[in-house]
Number of protein chains: 2
Amino acid sequence: MDKQQLASTVNKVLDEMRQRPIPIGISSRHIHLAAADYARLFPAQPIQPKKALLQPGQYAAEQTVTLVGPKGRLNNVRLLGPLRQTSQVEISRTDARILGIAAPLRMSGNLQGTPGIRLISPFAELELSGGTIVAQRHIHMSPLDALILRVSHGDSVAVAIEGSDRRLIFDNVAVRVAPDMRLEMHIDTDEANAAGADAAQAWATLVTKP
Amino acid sequence: MDKQQLASTVNKVLDEMRQRPIPIGISSRHIHLAAADYARLFPAQPIQPKKALLQPGQYAAEQTVTLVGPKGRLNNVRLLGPLRQTSQVEISRTDARILGIAAPLRMSGNLQGTPGIRLISPFAELELSGGTIVAQRHIHMSPLDALILRVSHGDSVAVAIEGSDRRLIFDNVAVRVAPDMRLEMHIDTDEANAAGADAAQAWATLVTKP
């Protein structure tokens with residue numbers, strides 16, 4: 001195989017890889033906890049993994065809490081592990097309305113000026129002074145995925161959700177590149193409902209702009 | 001003004017009208033009732049308009065019911081008037097999950113094979129044998145609007161929701177043309193949340209395909 005043939009073959013493989021559907025992860029309301037907040041809510045109990053998530057090392061824990069806002073509460077809200085530097089509560093706009101909390105649209109970790117919320121475990125209560133957000137939709141990927149898809153960390157891309165009567169194109173989807181991350185688009189339950197993304201035959205694909 | 005100048009001026013006006021934002025109407029869960037079902041739930045009481053809707057003659061009524069499904073219930077669900085030939089319950093996917101009712105995505109009035117639901121008023125209860133749907137997103141318009149926008153009744157179009165961090169393009173939006181209808185796009189609360197369409201600065205516009 002000469003150089004030109006090789007380049008052509010590699011390009012064909014890359015083109016095919018670019019067509020792969022992007023797996024869709026639907027995020028229900030959940031919380032992340034800092035170690036001190038965890039210790040207060042679940043004293044003397046290690047965090048207990050219940051189910052591994054697609055992203056390596058991340059898991060849904062056995063532990064759940066109740067979220068309490070000025071207008072309502074939501075029970076059985078799952079803790080995701082492992083523990084983090086800062087506690088963070090991720091809810092949908094629907095949830096925000098039920099709780100009566102004006103949670104802004106933010107990327108995970110960008111918590112400055114976000115509203116607080118009350119957490120209740122079977123053992124204790126805790127008032128967070130901030131950290132309540134609606135998560136901005138985003139795609140996790142490895143540096144290799146980014147190379148194949150021709151995008152960079154911090155890019156904003158458009159993604160089509162195909163395969164249902166509610167097909168649509170999400171604009172302003174954040175690209176998050178990190179070593180060891182798996183290719184996965186994260187949307188919340190409102191977005192999944194609007195796109196019919198929970199249908200078995202639904203799939204996501206990057207929209208290349210003209 | 002000669003004929004050519006006139007045509008050019010008319011085309012400019014039409015182009016400008018085509019750029020007008022399409023008003024967005026966000027439909028919360030609601031019901032329509034047939035006269036017999038209304039009489040059973042609200043005996044000897046006339047339907048009472050509370051607030052006019054944008055579409056001529058249509059209104060939110062004072063009357064509300066509770067929706068009951070196998071898994072949950074939703075209170076204070078608004079009746080829209082006037083009364084219709086057939087009762088119909090329009091809920092979001094979020095609502096469908098709360099109620100435990102597998103409501104399919106349908107255009108209003110296309111109710112064959114749709115699941116039933118229990119309605120409770122302050123006076124009576126009623127089991128509908130069908131009519132529970134998630135409404136397909138659609139745009140109401142007059143024949144003149146259709147002429148200006150170059151679409152026809154029954155078309156499926158793409159509509160961009162602009163002006164928020166959650167901007168997106170809804171594909172498969174049904175075009176509904178009828179005399180006396182006002183230009184208005186109807187989406188449900190899941191779709192509005194996913195698109196940030198409740199933001200004051202949000203607006204909708206037809207996407208013309210290349």
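Hi everyone, let's start with chain A: of its 210 residues, 50% are buried, where buried is under 20% relative accessible area, exposed is over 50% and partly exposed lies in between, with a 1.4 Å probe and protein chains only. Before going on, please note that this is a predicted model, in which local features need pLDDT of at least 70, side-chain atom pairs count only at pLDDT 80 or more, and totals for chains, interfaces and linings use all residues. Residues are numbered from 1 along each chain as its sequence is written, chains are lettered from A and ligands numbered from 1 in the order in which they are written, and side-chain values use heavy atoms, leaving out hydrogens and water.

First, the overall picture of chain A. Its C-alpha atoms fill a box of roughly 70 × 35 × 30 Å along the principal axes. The chain has five helices and 15 strands; these are DSSP runs numbered from the N terminus, with helices (H or I) of at least four residues and strands (E) of at least two. Take the contacts, meaning heavy atoms within 4.5 Å, between residues at least 6 apart in sequence: 68% of them join residues at least 24 apart.

Now let's zoom in on strand E10 of chain A, residues 132-135. In a regular strand the side chains alternate between the two faces of the sheet. What covers the faces here? On one side A:Thr132 and A:Val134 are buried, and on the other A:Ile133 and A:Ala135 are buried, so both faces are covered. Two strands count as paired if DSSP finds at least two bridges between them. E10(A) pairs in the parallel sense with strand E6, residues 88-90, over two bridges, and there A:Glu90 has A:Ile133 as its bridge partner. Strand E7, residues 105-106, also pairs with E10(A) in the parallel sense over two bridges, with A:Arg106 opposite A:Ala135.

Is A:Gln63 buried or exposed? It counts as buried because its relative accessibility is 9%. Its side chain reaches the backbone oxygen of A:Pro46 at 3.3 Å and the backbone nitrogen of A:Gln48 at 3.2 Å. Beyond its neighbours within four places in sequence, A:Gln63 touches residues including A:Tyr38, A:Phe42 and A:Val77.

Finally, let's see where chain A meets chain B. Each chain brings its share: 22 residues from chain A and 22 residues from chain B. Together they bury about 2,100 Å², 41% of it on carbon and sulfur atoms; that is the accessible area (1.4 Å probe) lost on putting the two parts together, summed over both. A:Arg166, A:Arg167 and A:Asn193 supply 29% of what chain A buries there, more than any other three residues.

How many salt bridges are there between the chains? The count is eight, each being a Lys or Arg side-chain nitrogen within 4 Å of a carboxyl oxygen of Asp or Glu. In one of them, B:Arg166 and A:Asp188 have their closest N and O atoms 2.9 Å apart.

How values were computed. A polar contact is a pair of N or O atoms within 3.5 Å; within protein, one must be able to donate a hydrogen and the other to accept it, and residues adjacent in sequence count only if both atoms are side-chain atoms.
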